[in-house]
Amino acid sequence: MKKEIQIKKEFKKKQFQLVRGMKDILPEEQKYWLHIEDLVRRLADKYSFQRIGMPIVENTELFKRSVGTATDIVEKEMYSFFDKGNENISLRPEFTAGIARAYIEHGMLNLPQPVKLYALGPCFRYDKPQAGRYRQFNQINFEIIGEADAICDAQVILVAYQLYQQINLQVVIQINSIGCPDCRPEYENVLKDYLKKYRSKLSEVSGKRLSKNPLRILDSKEKDDQEIVKDAPQQVDYLCEGCREHFIQVLEYLDELEIPYALNSKVVRGLDYYTRTTFEIWPVEGEDGRMVELGGGGRYDGLAELIGGRPTPAVGFASGVERLVSLIKERKAPVKEPESLDIFLAQLGIEARKRAITLFEELYEADIKVTEGLARRGLKAQLELANKLGVKYTLILGQKELIDGTIMIRDMEGGIQEVVDAKKVILEVKKRLEKARVNVNELNKVSAIGPT
RNA sequence: GUGGCUAUAGCAUAACGGUUAGUGCACCGGGUUGUGGUCCCGGAAACCUGGGUUCGAUUCCCAGUAGCCACCCCA
């Protein structure tokens, strides 16, 4: 006995499992994804964003220059490699750089401005996985390129807000302005001076950031750092005239739209290309409390130039699809269910099966929501399946029916069966479905009027 | 990248230093020839991988791997 097991083990082929940080999206989960994709498409239509698809790989240098070499994303999270032509390429860690590249490369500055684009698809970051954080994850991106006006910032935020609203997620926009290259250095100096006083108390990471990227200290989650940061000077008090005016306008538009927001001086974003408006989207606390932000974005007026284009103002936001899906599930927000089936086509015997494969086509062409049990033998097995699928009627086509030129219609609810002329089967089916539909409507009417 | 917790069939789980490794859901088959939902019977299916301790390890120890949680970061 033991020996047998031993042998079995030896011959057992290696089983493969998901590569770390990767995730299968199984059929039962697809409805959430479709739901979100639907919403995105509808919002894009409403606000005239056009879809753009970019390759998953780009030149590594593109991300280095746009996202920034001092960021975690570029420093340690990029899937970079040399291809066979010795080209240094990377799986995209985010969308914005690629969209900006496409905008420049295809001369979209010749289109009426601003150009409004959206994208949806996988991105890759070599991070340590945990719930809501994968190495391959999907992002939704909306970008408005070629216009500096604050109304664009507001519209991007509006789109984000509506996306969450429509999946019944209460969110608050955490918003800030991090100024522009004209006014940020002054603030950085003020901030540095302030932080230097507490240098010994700052965490190790923050200490390092003090000279390189002091803004990032603001969103540190270390307790001690937070304590220090609480009373730090705020960027908004040091904005230049242009940036201040711009920020005020953004907020005014948000007020006009009645979008709830919270001024949050700690929202500085982790990517180098941001200027002026930055924002993050947080779910309004549930019992869970975990799982940080759902999405974020901001203005990136300097990006196009950084990657070799003409100066081009732009603003956009990105949202994580996995995080949306898991929140929808957790909060049991309603999603569109897959279309239900009306008819199951069952067959018995070789001849009947032959007829059934063409009959299926005919039913489908007649706009009947039909499914089949062609791969199953026994009628019992087929009815079992029909029952699980929850169809209203099962059509039974056996040897007998074939000879008689008839077909049997079984009402799955009551179990009543009727034999009808095979030539009229489509008509008969439609008649019954129509009747059932009317009955359902009647019922709805009654319950709508009736006391509740 | 750092720290903590976990690891039994497709899923959810039980037990155990020596067992035919149990149960529920799901799956497949049967309860006479061609009838589902309930019921009954049967079947297939698991101790994450590699070392060590031991007469013996799924069980104890170590390492690896993966997942989860916190930090970091971010979507």
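The pLDDT is the predictor's confidence in each residue, on a scale from 0 to 100. In the predicted model described here, this score stays under 50 over residues 1–11. Where pLDDT is low, the predicted coordinates should not be read in detail. For chain A as a whole, the mean pLDDT is 86, and 92% of the residues reach 70 or more. The model scores an ipTM of 0.85 and a pTM of 0.86.

An open sheet of three strands was identified, with the order β2-β4-β3 and antiparallel pairing. Strands β2 (57–59) and β3 (80–82) stand at its edges; each has a single partner strand, so one side of each is left without a neighbour in the sheet. From one strand to the next, the twist averages 35 degrees. Three bridges connect β3 with strand β4 (residues 88–91) in the antiparallel sense, and Ser80 stands opposite Ser90 in β4. Helix α3 packs on this sheet and touches β2, β3 and β4. The direction of α3 makes about 75 degrees with that of β2.

Helix α3 also takes part in a helix–helix contact. Two packed helices are described by the angle between their axes and the distance between the axes. For α3 (residues 60–67) and α5 (residues 96–105), the packing angle is about 105 degrees and the axes are 9 Å apart. Angles of 65 to 115 degrees count as roughly perpendicular, and α3 and α5 are therefore roughly perpendicular to each other. On the α3 side, the contact is formed by Leu62, Phe63, Ser66 and Val67, which meet Ala97, Ala100 and Arg101 in α5. By residue class, the contact of α3 with α5 divides into five nonpolar residues, one polar and one charged.

The bridge partner of Phe142 in β11 is Phe317.

Definitions and conventions: Residues are numbered from 1 along each chain as its sequence is written. Chains are lettered from A and ligands numbered from 1 in the order in which they are written. This is a predicted model: local features need pLDDT of at least 70, side-chain atom pairs count only at pLDDT 80 or more; totals for chains, interfaces and linings use all residues. Two residues are in contact if their C-beta atoms, placed from the backbone, lie within 7 Å. Axes are lines fitted to C-alpha atoms, for helices over the stretch in contact, and angles run from 0 to 180 degrees between N-to-C directions. Helices (H or I, at least four residues) and strands (E, at least two) are DSSP runs, numbered from the N terminus. Angles under 35 degrees count as roughly parallel, over 145 as roughly antiparallel, 65 to 115 as roughly perpendicular and the rest as oblique. Ala, Val, Leu, Ile, Met, Phe, Trp, Tyr, Cys and Pro count as nonpolar, Asp, Glu, Lys and Arg as charged, and the others, Gly among them, as polar. Two strands pair if DSSP finds at least two bridges between them.
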